[in-house]
Amino acid sequence: MSENTLTAGRMSKTGAWLHYFANPGRFLRFVRPALPWAAAVSMALTVAGLVWGYVFAPADWEQGDAARIMYVHVPAAWVAMSGYAMLAGVSFFSVVWRHPLADLAAEEIGPVGAGFTFVCLVSGSLWGKPMWGAYWVWDARLTSVLVLFFLYLGHIALIRAFDNPAHGYRAAAILALVGAINLPIIVFSVQWWNTLHQGNTISVSGGAKIYITMLYPLLVATLGFYLSFLTLVCARMCAAIMERRTRTLLVAAAERGA
Amino acid sequence: MKYAGFIDGSYGVTVVFLLGIGWLTFARYRRAAKRLRAVETR
C-alpha cells in the first residue's frame with residue numbers, strides 16, 4: 001500500500017487531518033513558501049484601504065472627517081476580537097489534544113492580538129474626544145474591549161510565568177478559554193445596555209448601513225488587517241519552530257560532544 | 001481637514017504599530033532562519 005493511500009486512510013478519521021496539519025515540520029514546509037506572498041498581499045491591501053479611507057473616501061454628513069478614523073478603528077476591533085476567538089480555539093485544541101503547535105500558536109497570537117486591541121482603543125479614544133467631548137467613558141463597549149486588552153496581557157504574562165513552560169501553556173490556555181466569554185459581551189454590549197458607543201453598522205444578518213463609497217475602503221482595510229494578522233502570526237510561529245529546532249540541534253550536538 | 005490632529009493620530013498609531021511589529025517579526029524570522037541554517041550545516 002502506498003504512503004499516500006495510508007495517509008488518506010488516516011486523514012479520513014475524525015479530527016485526524018487536524019493532527020496531520022498541526023505537525024510543526026509540516027506546518028513549516030507548507031507555510032514558509034507562502035509567507036512572502038502573504039506579506040506582499042496583506043501590505044498592499046492594508047496600504048490601499050488606509051489611503052482610500054484617509055484621502056479618497058467621502059466625509060460623513062454628521063461626523064465630518066472624523067469618520068475617517070473608522071477605517072483603522074473598526075478593522076482593528078474586528079481583528080482584535082477574531083484574534084481572541086482564534087486564541088480560544090487553539091487553547092481548546094491545546095487543552096484537549098495537548099498539541100505543541102497549538103501552544104506555540106497561542107504564544108504568538110497573544111502579542112499581535114494585544115497590539116491590534118491597543119490600536120482599537122487608542123483610535124477609538126481619538127475619535128471619542130471630538131465626537132463625545134471625552135477621550136474615555138466607562139461605556140459597556142469600551143470597558144469590555146479594555147477587558148479584552150487585559151486578557152491578552154494576562155495571557156502573555158501567564159504563558160511566561162512558570163519555570164516549566166508546559167505549566168505556563170496550560171494556565172494560559174485555561175485563561176484564554178474562560179476569557180472567551182468576553183467576546184459575546186463585546187459584540188452584544190451595544191444592544192444589552194444603553195451605550196454611548198454607536199450600534200453595529202455592519203452585521204452578518206442585517207447587512208451594511210453605510211453607503212458603498214465608505215463600505216468598500218472599510219472592507220479593503222479589514223481584509224488587509226486580517227491578512228496582516230495571519231501573516232504576522234504565521235511568521236512568528238515559523239520563527240519559533242526554527243528557534244526550537246536550533247536549540248534541539250545544539251543540545252544534541254553538546255550531548256554528543258560530552 | 002477638520003479634526004486633523006485626531007485623524008492623523010489614529011492613522012499614525014496604526015502605521016507605527018504595523019511597521020513596528022512587521023519589522024520585529026521579519027527580523028526575528030530572518031535571525032531564526034539564519035541560525036538554523038548555520039547549525040544544520042555545521
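**View 1. I69(A) and its contacts in the predicted model.** I69(A) touches S123(A), L126(A), W127(A), F6(B), I7(B) and S10(B), leaving out residues up to four places away in sequence. Two residues are in contact if their C-beta atoms, placed from the backbone, lie within 7 Å. This is a predicted model, where local features need pLDDT of at least 70, side-chain atom pairs count only at pLDDT 80 or more, and totals for chains, interfaces and linings use all residues. Residues are numbered from 1 along each chain as its sequence is written, while chains are lettered from A and ligands numbered from 1 in the order in which they are written.

**View 2. The largest nonpolar core.** A nonpolar core is a set of buried Ala, Val, Leu, Ile, Met, Phe, Trp, Tyr and Cys residues joined through C-beta atoms within 7 Å. A residue is buried if 20 or more other C-beta atoms lie within 10 Å of its own, exposed if 12 or fewer, and partly exposed in between; the C-beta atoms are placed from the backbone. The largest core holds 70 residues, and I69(A), A76(A), A80(A) and A106(A) touch the most other members. Two or more residues each come from α4, α5, α6, α7 (140-159), α8 (165-179) and α10 of chain A, and from α1 (4-40) of chain B. The largest share, 16 residues, belongs to α10(A). Helices are DSSP runs (H or I, at least four residues) and strands are DSSP runs too (E, at least two), numbered from the N terminus.

View 3. Chain B has one helix and zero strands. Its C-alpha atoms fill a box of roughly 60 × 10 × 5 Å along the principal axes. Of the 42 residues in chain B, 24% are buried. The contact between the chains takes 32 residues from chain A and 23 residues from chain B. On the chain A side, α4 (35-56), α5, α6 and α10 (212-257) each supply at least two residues. α10(A) gives the largest share of that side, twelve residues. The chain A side divides into 19 nonpolar, seven polar and six charged residues. Here Ala, Val, Leu, Ile, Met, Phe, Trp, Tyr, Cys and Pro count as nonpolar, Asp, Glu, Lys and Arg as charged, and the others, Gly among them, as polar.

**View 4. Helices α5(A) and α6(A).** The axes of α5 (residues 70-97) and α6 (residues 100-132) of chain A come within 8 Å and cross at roughly 155°. α5(A) is therefore roughly antiparallel to α6(A). Axes are lines fitted to C-alpha atoms, for helices over the stretch in contact, and angles run from 0 to 180 degrees between N-to-C directions. Angles under 35 degrees count as roughly parallel, over 145 as roughly antiparallel, 65 to 115 as roughly perpendicular and the rest as oblique. The residues of this contact divide into 19 nonpolar, nine polar and one charged.

**View 5. Helices α5(A) and α8(A).** These axes come within 8 Å and cross at roughly 130°, so α5(A) and α8(A) are oblique to each other. From α5(A), the contact uses L87(A), A88(A), S91(A), F92(A), S94(A) and V95(A); from α8(A), it uses Y169(A), A173(A), A176(A) and L177(A). Eight of the contact residues are nonpolar, two are polar and none is charged.

**View 6. A176(A) in helix α8.** A176(A) sits in helix α8 of chain A. A176(A) counts as buried because it has 28 C-beta neighbours inside 10 Å. Beyond four places in sequence, A176(A) is in contact with L87(A), A88(A), S91(A), A106(A) and H155(A). The C-alpha atoms of A176(A) and Y84(A) are separated by 7.8 Å, though the two residues are 92 residues apart along the chain.
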